[in-house]
Amino acid sequence: MIRKILTIDGGGIKGVFPASFLSAIEETTGKKISDYFDLIVGTSTGGIIALGLGMGFSAKELLEFYEQLGPEVFKGNRLTRFFRSIGISKYSNTSLRKALEEKFANKKLGESKNRLVIPSLNLENGEVHVYKTAHHQRLQRDYKEKVVDIALATSAAPTYFPTYSSASGIPLVDGGLWANNPMGLAVVEAIGILEWPRDQLKVLSIGCTTEPINIKWARRFPMGKAYWGFKVADLFMSAQSSASLGTAQLLAGHANITRISPPVANGKFGLDVIKEMESLKGLGSSEARKALPNIESFFTDKVDTFIPIHKLP
């Protein structure tokens, strides 16, 4: 029995790309994305999309949500944001929380129609903190958590948003710090926790575009903190994504992994650059048109209904 997995990377407002990609697939096929995946794993902005799909929203509805969300959350002029980010986070999470509450209200993770895995990071002890639906006997707590709280926890990117404090007092930040591309995490969950045979997995992984690493000066000169301070995050994200892809391919087989994350020019898009949202939307639609002939097999048969082991009262 084939088990289909969807993973969505983190990337701030660049989440418009995967939302547009999935929306175009839905529009073309006439099929709802969430009906065709046994497991959905998303980090940060990808986590918000994953939660939305699990709650029954169409990809088109989530794309529209991002189009409304972007200008509200990432507002302010560039200079003000830069100086603000030196001392405190660039943005308050007030607008993001308000938008999430309007979309998800008081829904809880236990209401998801799909198995979900949403990563975050515990600042108290440096350990990973992963929210999961009740798809295993030992997963007895997370399904009671509010979707809004999980979305805020997975997307609390350092320097962009303040640390999120959970209801139990745990300080949580963006899962992108260790699983921005959550493909490896997804395959490990499928094999190690759900005990699905590795040769029966099919994974569709969607990134938020890919930029080449620009470190030309470091190739020629021994650069110091002033240089690397602006480069280390990009290097870390690139390395993590590569390792995640390699892990998934090693465990599930290269032929069972499909990765969609088109290369773009350096600086073309940014985590909070809302002026390029329309370009991201167009790119998502264009890439879906190109990719559909190769990924149609993901949308031939609906998956079995997810029945959680633990249920909300």
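This is a predicted model: local features need pLDDT of at least 70, side-chain atom pairs count only at pLDDT 80 or more; totals for chains, interfaces and linings use all residues.
Trainee: Are helix 2 and helix 6 roughly parallel or roughly antiparallel to each other?

Mentor: Start with the angle. Helix 2 covers residues 45-54 and helix 6 covers residues 147-154, and they pack at about 160°. The cut-off is over 145. Helix 2 and helix 6 are therefore roughly antiparallel.

Trainee: In which hand does helix 5 pass helix 6?

Mentor: First place the pair. Helix 5 spans residues 94-104, and its axis lies 9 Å from that of helix 6, at an angle of about 145°. The crossing of helix 5 with helix 6 is right-handed.

Trainee: How many charged residues does the contact of helix 5 with helix 6 have?

Mentor: Look at both sides. Asp, Glu and Arg count as charged. By class there are seven nonpolar residues, no polar ones, and the charged number three.

Trainee: What kind of aromatic pair do Phe-74 and Tyr-91 form?

Mentor: A search of the whole structure finds nine aromatic pairs. In the pair of Phe-74 and Tyr-91, the centres are 5.2 Å apart and the planes stand at 85°. Planes over 60 degrees apart count as edge-to-face. So the pair of Phe-74 and Tyr-91, with its 85°, is edge-to-face.

Trainee: How many residues apart in sequence are the parts that this pair ties together?

Mentor: Phe-74 and Tyr-91 are both buried. Phe-74 lies in the loop between helix 3 and helix 4, and Tyr-91 in the loop between helix 4 and helix 5, so the pair ties together parts whose separation in sequence is 17 residues.

Trainee: Which residues do ring pairs link into a cluster?

Mentor: Look for linked rings. The cluster joins Tyr-36, Phe-37, Phe-298 and Phe-299.

Trainee: Is Phe-221 buried, partly exposed or exposed?

Mentor: Phe-221 sits in the loop between helix 9 and helix 10. Buried means under 20% relative accessible area, and exposed means over 50%. At 39%, Phe-221 is partly exposed.

Terms used
Residues are numbered from 1 along each chain as its sequence is written. Side-chain values use heavy atoms; hydrogens and water are left out. Axes are lines fitted to C-alpha atoms, for helices over the stretch in contact, and angles run from 0 to 180 degrees between N-to-C directions. Helices (H or I, at least four residues) and strands (E, at least two) are DSSP runs, numbered from the N terminus. Angles under 35 degrees count as roughly parallel, over 145 as roughly antiparallel, 65 to 115 as roughly perpendicular and the rest as oblique. Buried means under 20% relative accessible area, exposed over 50%, partly exposed in between (1.4 Å probe, protein chains only). A crossing is left-handed if the near helix is turned anticlockwise from the far one by less than a right angle, and right-handed if clockwise. Rings of Phe, Tyr and Trp (its six-membered ring) pair if their centres lie within 6.5 Å; planes under 30 degrees apart count as stacked, over 60 as edge-to-face and the rest as tilted.
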